[in-house]
Amino acid sequence: MPQLRWILAIVALAVTVRVSAIVVLQSHTVPRSTYEHGEIASNLLEGRGFSIRFLGVDGPTSQQAPLYPLLVAAAFAVGGIETPEALLLLQLGQAALGGAMTLAVMALVYQIVPDRPRMAIVAGLLTAVHPTLIYVATHVQVAGLAATLVTLAFVGAYRMARSAHRLDALAVGGILGLLVLCDPILGLIAPAIAWVAVQGQGFRRAIGPLTVVALISSLTVAPWIVRNARVHGEFVPVKSTFGYAFWQGNCSLSEGTDKVVRASVETILANSGPGLADRNRALWDARHEAGYIDDIALTADDRQTLATLNEPGRSRWLLRRALDDLQADPLRYPRLCAKRLRSFILWDDTNPKTRSLIYRTGHLGLSLLAIVGLIGLGPNLRRRIAPTLLAATLIAVFHALTIVSARFHVPIEPLMAVWASGVVATARSGGRADLGFTRARETVSFAPNRIERQSSRREEGRQLVETSWSGQALSGLSDRDRT
């Protein structure tokens with residue numbers, strides 16, 4: 001099958017399984033399923049601006065980054081505010097986005113290891129059928145968009161490292177800016193993007209493209225920063241809620257997440273119907289029953305105090321409250337961090353949706369394949385792919401130190417599919433086994449400048465030997481033997 005047919009088939013598979021999940025699970029008919037994104041989108045369309053009721057106060061907000069609520073608002077503008085039709089339209093758009101994510105994963109593998117086409121196919125298939133990446137398309141949730149942008153940022157970075165073209169640097173900067181406007185925490189991948197450039201071009205040559213990346217990403221984010229300063233009266237870096245999130249994950253009643261552990265959740269899950277749609281509805285009911293830590297940890301006096309502060313001030317007040325709670329038991333914070341790291345690597349036990357056997361089997365399966373794949377890559381390919389490992393590590397560490405949730409793991413899952421594709425890294429390429437891909441002529445390094453230097457050194461050596469021996473000793477050797 002030619003290369004294009006494989007690509008189109010895998011992308012079509014990704015879209016098809018997501019559309020099927022949307023039709024079967026019927027999440028677009030579930031009430032109270034849009035959370036903050038839906039409220040902000042509704043307020044935008046009703047003329048109240050980018051606002052929300054947050055900690056008991058109505059007003060302009062930076063509780064969420066702007067990109068995804070704007071997309072939700074676009075769906076509401078077409079299908080009606082909070083209607084099942086609008087949510088269905090949004091979810092179908094996310095199914096198409098899943099196809100784009102799958103295509104981006106295959107492109108990423110091909111940028112990293114162009115001489116291993118089977119890896120691209122395997123990574124694309126894993127992304128297409130991984131349960132979490134399918135399920136996220138059925139939610140009003142930013143994680144799917146974030147995962148796509150993370151993958152595209154790395155595609156652009158590896159391409160930039162190969163070509164050193166200014167347009168590639170402009171593209172990477174724009175994608176990074178959009179990623180920060182989608183979820184500022186994912187801006188942590190910036191050091192990994194820089195590493196890709198340095199790894200490919202060397203430090204000096206990478207300075208120019210990386211400067212362009214930093215400038216364009218800053219310009220992309222700047223309008224939102226200016227808006228935040230106007231509505232809050234102070235500098236707010238995209239979102240105002242770091243202190244609030246830290247308090248949710250570390251206050252005296254927290255289990256390390258923003259959710260509450262209630263025995264009644266188990267009853268709801270136990271009484272679910274046999275069908276997938278019934279099970280999905282039970283998971284939603286259990287999620288609503290669990291609620292948020294705010295429901296039990298904030299007293300009426302607390303809410304009165306919070307109402308006197310602006311939005312960033314409320315977040316700072318809660319941060320101090322969390323730090324006071326942690327000081328009362330110095331060993332509690334390390335325990336919470338260890339628990340959160342385990343939850344990030346495995347699953348968040350406080351989230352009823354992670355109780356699903358499909359979720360846990362898929363999550364463990366991808367994790368094990370990623371480990372085996374990384375081992376199978378060998379040291380040279382691991383060096384090339386190492387920046388993606390750094391990005392995943394930085395994201396994991398941040399959430400271990402602050403707060404964890406199942407959705408926080410989604411943005412690194414396409415990268416895990418890339419690692420998992422290493423299970424076929426040692427397979428020979430060439431001929432029909434290449435599935436139509438062209439084997440790269442140079443596999444020593446993906447960086448053109450290094451290839452040029454290596455070719456130059458080989459040419460110099462060849463000329464020296466030919467001068468000394470009049471070329472007689474080399475006359476019968478092939479080009480490959482000479483190198």
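This is a predicted model: local features need pLDDT of at least 70, side-chain atom pairs count only at pLDDT 80 or more; totals for chains, interfaces and linings use all residues.
Me: How do the residues of the lining of the second largest pocket divide into nonpolar, polar and charged?

Reply: They divide into 13 nonpolar, four polar and no charged. Residues are numbered from 1 along each chain as its sequence is written, and side-chain values use heavy atoms, with hydrogens and water left out.

Me: What makes a space a pocket, and what makes it a cavity?

Reply: Both are sets of points on a 1 Å grid over the protein atoms alone. In a cavity, a 1.4 Å probe fits but cannot get out. A pocket is an open set with protein on both sides within 12 Å along at least five of seven lines. Lining residues have an atom within 4 Å of a point.

Me: How much space lies in the second largest pocket, and which residues are closest to its centre?

Reply: About 340 Å³. Of its 17 lining residues, the closest to the centre are Ile345, His409, Ile412, Met416 and Trp419. The volume is the space filled by probe spheres set on the points, which are joined across faces, edges and corners.

Me: Which helix gives the most to that lining?

Reply: Helix 18, with ten residues. Helix 17 (332-345), helix 18 (357-401) and helix 19 (413-420) each supply at least two. Helices (H or I, at least four residues) and strands (E, at least two) are DSSP runs, numbered from the N terminus. The protein chain has 21 helices and two strands.

Me: How many cavities of 30 Å³ or more are there, and what is the volume of the largest?

Reply: There are three cavities of 30 Å³ or more. Helix 4 (84-112) and helix 7 (143-163) each supply at least two lining residues. Helix 4 gives the most, with four. The lining of the largest cavity divides into six nonpolar, five polar and one charged.

Me: Why is Asp302 called buried?

Reply: Buried means under 20% relative accessible area, exposed over 50%, and partly exposed in between (1.4 Å probe, protein chains only). Asp302 has 9% relative accessibility, so Asp302 counts as buried. Across the protein chain, buried residues make up 49% of the 483 residues.

Me: What makes Asp302 and Arg321 a salt bridge?

Reply: The rule asks for a side-chain nitrogen of Lys or Arg within 4 Å of a carboxyl oxygen of Asp or Glu. The side chains of Asp302 and Arg321 meet at 3.0 Å, N to O, and form a salt bridge. Asp302 lies in helix 15 (residues 300-307) and Arg321 in helix 16 (residues 311-328), so the pair ties together parts that are 19 residues apart in sequence. Arg321 has 25% relative accessibility, so Arg321 counts as partly exposed. Side chains of opposite charge can pair when their charged atoms come close.

Me: How many salt bridges does the rule count?

Reply: The count comes to 13. Among them is Glu46 with Arg48, with the closest N and O atoms 2.3 Å apart. Another pair is Arg53 with Asp58, at 2.8 Å. Asp258, Lys259 and Asp348 are linked in a network of salt bridges.

Me: Are Arg53 and Asp58 exposed, partly exposed or buried, and why?

Reply: Arg53 has 47% relative accessibility, so Arg53 counts as partly exposed. Asp58 has 54%, so Asp58 counts as exposed.

Me: How do you know that Thr257 is buried, and where is Thr257 found?

Reply: Thr257 has a relative accessible area of 2%, so Thr257 is buried. Thr257 is found in the loop between helix 11 (242-250) and helix 12 (263-270). Contact means heavy atoms within 4.5 Å. Leaving aside neighbours within four places in sequence, the contacts of Thr257 include Gln248, Asp348 and Ile403.

Me: What is phi of Val238, and is Val238 buried or exposed?

Reply: Phi of Val238 is near 75°, a positive value in a residue other than glycine. Val238 is found in the loop between helix 10 (203-232) and helix 11. At 3% relative accessibility, Val238 counts as buried.

Technical notes: Ala, Val, Leu, Ile, Met, Phe, Trp, Tyr, Cys and Pro count as nonpolar, Asp, Glu, Lys and Arg as charged, and the others, Gly among them, as polar.
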